[in-house]
Amino acid sequence: MDEADNPTSHSYFSQRLRLHYLDWGNDEAPHMLLIHGIHDHCHTWDWMAQALRERYHVVAPDLRGHGDSEWSRGSSYSWLEYVQDIAQLVRQQKLAPLTVVSHSMGGSIGALYAGTFPDAVDKLVIIEGVGLYPSRFGSDPAARLAQWIRSNHALAGRVPRRYGRLEDAYQRMQEMNPHLSPDQASHLTIHGSSQNEDGTYTWKFDNYTHTRSPYDIPNEDVAALWERIECPVLIVNSREGYPHRIGQNGTVRHFRNVELVEVDDAGHWTHHDQLARCIEVVAGFLDVPLATEV
């Protein structure tokens with residue numbers, strides 16, 4: 001990546017946590033927010049940001065517990081807290097009205113934000129967004145709480161994997177997503193890992209992001225918020241992606257003005273696996289020419 005293309009790094013506070021975001025400049029242009037998924041980080045969007053930065057003022061946050069943002073202490077990582085953090089960033093930096101481009105769990109967060117504040121979002125792009133998961137415990141509150149407690153106990157004894165060399169972390173990155181090019185895997189590994197005091201490397205995300213709150217927003221409320229979204233919505237799913245994505249299982253019906261595009265030869269990280277195609281689809285939906293060739 002050319003040094004001249006680098007964004008600037010900033011912090012803001014939400015619920016007393018210092019959270020990090022990248023700003024790609026072009027402040028006078030329409031605002032765009034890029035929201036990453038679980039166990040990712042703001043640099044997952046670097047290629048998308050480069051393609052769109054001449055048309056938008058692009059801002060890419062690290063969600064709490066991810067990237068260079070602080071970790072939560074003594075509380076769960078629920079979708080509600082993530083939505084709060086996004087709302088705080090938009091309010092503090094005066095980004096509304098804005099376009100939101102989001103991936104995976106970030107797609108869930110972006111859609112919840114757009115449903116809560118429909119006047120704040122001009123267009124919404126959801127790439128492989130997490131949809132409506134069936135509850136494993138139904139209406140049994142004891143089973144739900146007990147599972148959550150067991151998960152937290154297990155995480156307390158879970159030691160995040162350490163890699164002796166950055167190259168080892170890079171190899172793990174490519175194993176997890178063979179669609180990545182070597183340059184993509186290297187870039188994501190460098191920005192997604194930290195070196196420990198003993199010289200080893202670990203991923204930046206908090207160990208406790210592996211478990212979710214036992215009482216997050218219920219599916220019926222999620223669907224009701226989707227139905228409040230007033231702006232045009234683009235859903236981009238991969239044919240080889242994960243199950244229970246937004247746009248699958250009849251969930252398209254909850255959106256008023258929606259377009260669904262399915263991408264071939266891509267897994268869950270569509271915006272990496274088929275970068276050029278994904279950017280082409282997003283730029284077409286936004287009705288903007290590409291700033292650079294991908």
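In this predicted model, Trp79, Tyr82, Val83, Ile86, Ala87 and Val90 of helix 2 meet Met105, Ser108, Ile109, Leu112 and Tyr113 of helix 3, where contact means heavy atoms within 4.5 Å. Helices (H or I, at least four residues) and strands (E, at least two) are DSSP runs numbered from the N terminus. Local features need pLDDT of at least 70 and side-chain atom pairs count only at pLDDT 80 or more, while totals for chains, interfaces and linings use all residues. Residues are numbered from 1 along each chain as its sequence is written, and side-chain values use heavy atoms, with hydrogens and water left out.

**Helix packing**

- Helix 2 (residues 79-92) and helix 3 pack at an angle of about 65°, and their axes are 9 Å apart; axes are lines fitted to C-alpha atoms, for helices over the stretch in contact, and angles run from 0 to 180 degrees between N-to-C directions.
- Helix 2 passes helix 3 in a right-handed crossing; a crossing is right-handed if the near helix is turned clockwise from the far one by less than a right angle, and left-handed if anticlockwise.
- Helix 3 (residues 105-116) also packs with helix 7, their axes coming within 8 Å and crossing at roughly 60°, and this crossing is left-handed.
- In that pair, Ala111, Leu112, Gly115 and Thr116 of helix 3 make the contact with Val222, Leu225 and Trp226 of helix 7.
- Helix 6 (residues 182-192) has Gln184, Ala185, His187, Leu188, Thr189 and Gly192 as its buried residues; buried means under 20% relative accessible area, exposed over 50%, and partly exposed in between (1.4 Å probe, protein chains only).
- These buried residues of helix 6 pack against helix 1 (46-52), helix 5 (166-176), strand 7 (193-195), strand 8, helix 8 (270-273) and helix 9 (275-286).

**Backbone features in loops**

- The peptide bond joining Ala96 and Pro97 is cis, with omega of about -5°, and Pro97 lies in the loop between helix 2 and strand 5 (98-103).
- Lys94 is also found in the loop between helix 2 and strand 5; although not a glycine, Lys94 has a positive phi of about 55°.
- Lys94 counts as exposed because its relative accessibility is 65%.
- His244, in the loop between strand 9 (233-238) and strand 10 (258-263), has a positive phi of about 60° although it is not a glycine.
- With 24% relative accessibility, His244 counts as partly exposed.

**Salt bridges**

- A search of the whole structure finds eight salt bridges, each defined as a side-chain nitrogen of Lys or Arg within 4 Å of a carboxyl oxygen of Asp or Glu.
- The side chains of Arg162 and Asp198 form one of them (3.0 Å, N to O).
- This pair links distant parts of the chain, 36 residues apart: Arg162 is in the loop between helix 4 (141-156) and helix 5, and Asp198 is in the loop between strand 7 and strand 8.
- Arg162 is partly exposed at 46%, whereas Asp198 counts as exposed at 52% relative accessibility.
- Glu175 and Arg172 meet in a salt bridge at 3.5 Å, N to O; they are separated by about one helical turn because they are three residues apart in helix 5.
- The salt bridge between Arg277 and Glu280 has an N to O distance of 3.0 Å, and both residues lie in helix 9, three residues apart.
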